[in-house]
Amino acid sequence: MIIVSACLAGFNTRYDRTNCGHPEIMEMVVSGKAIPLCPEQLGGLPTPRPAISFVNGDGNELIKGAGGVSAVGVDGIDYSQNLLNGTNEVLRIAKMFNIKKAILKDGSPSCGVFKVWVNGEKVEGCGVTTALLKKNGIMIEALE
Ligand code: SF4
C-alpha cells in the first residue's frame, strides 16, 4: 500500500477545486493499492482556498521551525500551522498502514518534491508533507 496525493487520483482537492488526475494513479486507488490523501484538507483548510506559498524557506525549514519561515496565502494569512497539522495527520495514517512509499504532486507547498514556490519564485525545495515523510523513512516519488 502507498500514499498518493488526492489530486493525482482525480479528486478536486487543489486550491482552485481542480485536480491533476493521472489514470495510473486512479487505477492504483481503485484496485486498493493506494490511499488518496490531501494534507491541506486534513489540516483543516477549505476547498477552494487561497493559493499558498513559502516565505524565506521550504517545507524542510518549516518543519524544523526555522525562524522567519512561513507558508502564506495570497490573502496574506499565515497557514503554516494548517500545513503542519495536515502533514502530521498524513504521517499518522502512514504509520497506521505501515506505508513505505508515497507519490506526491510536485510544486505544492505540502506535496512538492523537487520544486516549490518561495518568495514568488519556483525554486528547488520540497513541501512540508514530503519533508516529514522523508524524515520518517518513507520514499517519495513526484508527479506533476
Ligand atoms: S498537491 Fe497535495 S495538498 Fe495540494 S491538493 Fe494535491 S493532495 Fe492536496
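For this tour, Ala, Val, Leu, Ile, Met, Phe, Trp, Tyr, Cys and Pro count as nonpolar, Asp, Glu, Lys and Arg as charged, and the others, Gly among them, as polar. The model is predicted: local features need pLDDT of at least 70 and side-chain atom pairs count only at pLDDT 80 or more, while totals for chains, interfaces and linings use all residues. Numbering starts from 1 along each chain as its sequence is written.

**Stop one: the ligand.** You will find Ser5, Ala6, Cys7, Thr13, Arg14, Cys38, Pro39, Glu40, Lys105, Ser108, Ser110 and Cys111. This shell comprises five nonpolar, four polar and three charged residues.

**Stop two: Ile3.** Now pick Ile3 and look for contacts (C-beta atoms, placed from the backbone, within 7 Å). Leaving out residues up to four places away in sequence, Ile3 touches Ala34, Ile35, Leu37, Val90, Ala94, Ile99 and Ala102.

**Stop three: two loops.** Helices (H or I, at least four residues) and strands (E, at least two) are DSSP runs, numbered from the N terminus. Go to Arg17, in the loop between S1 and helix H1 (23-30); although not a glycine, Arg17 has a positive phi of about 60°.

**Last stop: Asn98.** Move on to the loop between H4 and strand S5 (101-105), where Asn98 lies. Its phi is near 55°, a positive value in a residue other than glycine.

How values were computed: Contact = placed C-beta atoms within 7 Å. Near = placed C-beta within 6 Å.
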